[in-house]
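Please consult the sequence and the structure shown below while reading.

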Amino acid sequence: GPAPSPWRGQIAQLLVILTVAIVLINAGYGFEGSFQPLGKYRFASSLLGGGDSHTAPAEWGNRFAGSWLAHVPVPLPENYLWGIDRQRRDFEMGMWSYLRGQWRLGGWWYYYLYGLLIKEPLGVIALLILAMGLPWGLRGRSPGWAHECVVLAPAVVILALVSSQTGFNHHLRYVLPAMPFLFIWMSRASLVLGTERTRWTAAAIVAALAWSAASSLWVYPHSLSYFNELVGGPRNGHRHLLDSNIDWGQDLLYLKRWCHAHPEARPLRLAYFGSAPFEIAALDDVLPLPTPDRGAGASNRFPSSVPETGWYAASVHLLQSSAGPPFASSDLRYLLQLQPVASAGYSIRIYHITAEDAERLRREMGLPPLSQPPTPRAK
């Protein structure tokens, strides 16, 4: 009889992979709300809800209601689908975004490409260049362009899809699902081993791998704040990217360690940004600074509204944001004119404002000197 079509086997493999993926996603959520009819949901985004993305959440809807799709069960957990909907609404509404010192209401199509260029170790980029430089189907050693495209296509699709969402750009983690496929495809650089080009190419591959490992270990355990040598490492990362790309509250316990080692730095006024609760540091003698996204009525001002002598600590996200629209605050902006005396990790800068610093800052801000007595009130 005729030989079985290879496409049938590949389609069967794809169906098995999709089935396993769906089962694993549902298992991670405990199958909570799985396989509910699509019409039961109330969505907030314009894409799924069908309304205006700028309307109030109370006007959530469902564009599939009344159609045959409303009766189709969704093979995903309820909260998983709602999470996609909320993320889509955020993109539709737009937010302030930051890239290389520039603020914009919305984002840039090349944001994630640029982010990968400066956040990935240069050794990884070198391996990518080596893999791209090899000819397709290297003397029969390659599995073929069709098989390689199957591996590479998901990475390209994910990167293209996320890059097309320019409502805001905050987190490079959105493109991380593309990296496993890209790493597998980059392994084609090893195809030259055993050929006449083995010597130099093998040396280049080993050098790239060693460079990646050494660069990453040099920054460890502050891996979240990692930036490669193109931008001068993590100390200069805040000049290029903010938010979870460098500052997500991960150095709060390092600040606690620094405070215990420097009891003279009291009181310490802290401008903290991150997802970790400030309470875990148990710093009773530190004055925390609430920020605008920490609830209604919160303020983004230091306990002192003008420069005074003392110790200050601030997250680099808030420091860079102080000169931009999201958290604009002159209270933080004057710290940018000072050199930090220390840091907790790479995301919290520590400053000591001396009397001389305070007088200079106040003079530049048009404020009376600290030594000047207050003007008496008119009777």
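The model is predicted, so local features need pLDDT of at least 70 and side-chain atom pairs count only at pLDDT 80 or more, whereas totals for chains, interfaces and linings use all residues. Residues are numbered from 1 along each chain as its sequence is written, and side-chain values use heavy atoms, with hydrogens and water left out.

The protein chain contains 12 helices and seven strands; helices (H or I, at least four residues) and strands (E, at least two) are DSSP runs, numbered from the N terminus. Of the 379 residues in the protein chain, 41% are buried, where buried means under 20% relative accessible area, exposed over 50% and partly exposed in between (1.4 Å probe, protein chains only). Among contacts in the protein chain between residues at least 6 apart in sequence, 68% join residues at least 24 apart; a contact means heavy atoms within 4.5 Å.

Helix α5 (residues 122-133) packs against helix α8 (residues 198-219) at an angle of about 150°, their axes being 7 Å apart. That angle makes α5 roughly antiparallel to α8, a label for angles over 145 degrees. Axes are lines fitted to C-alpha atoms, for helices over the stretch in contact, and angles run from 0 to 180 degrees between N-to-C directions. Residues of α5, including Leu122, Val124 and Leu130, meet residues of α8, among them Ile205, Leu209 and Trp211. The contact of α5 with α8 comprises 10 nonpolar residues, two polar and no charged.

Helix α6 (residues 145-163) has 19 residues, which at 1.5 Å a residue should span 27 Å; its end C-alpha atoms are 25 Å apart, which agrees. A kink of about 35° lies at Leu152 in α6, shortly before Pro154. Leu152 is also one of the buried residues of α6, as are Glu148 and Ala155. The buried residues of α6 pack against α4 (111-119) and α7 (179-186).

| Peptide bond | Omega |
|---|---|
| Tyr220 to Pro221 | about 10° |
| Arg266 to Pro267 | near -10° |

Pro221 lies in the loop between α8 and α9 (252-261), and Pro267 in the loop between α9 and β3 (268-271).

Phe35, although not a glycine, has a positive phi of about 60°. With 47% relative accessibility, Phe35 counts as partly exposed. Asp243 has a positive phi near 60° and, at 13% relative accessibility, counts as buried. Asp243 is found in the loop between α8 and α9.

Note on methods: Angles under 35 degrees count as roughly parallel, over 145 as roughly antiparallel, 65 to 115 as roughly perpendicular and the rest as oblique. Ala, Val, Leu, Ile, Met, Phe, Trp, Tyr, Cys and Pro count as nonpolar, Asp, Glu, Lys and Arg as charged, and the others, Gly among them, as polar. The expected span of a helix is 1.5 Å times one less than its number of residues. The bend at a residue is the angle between axes fitted to the seven residues ending there and the seven starting there.
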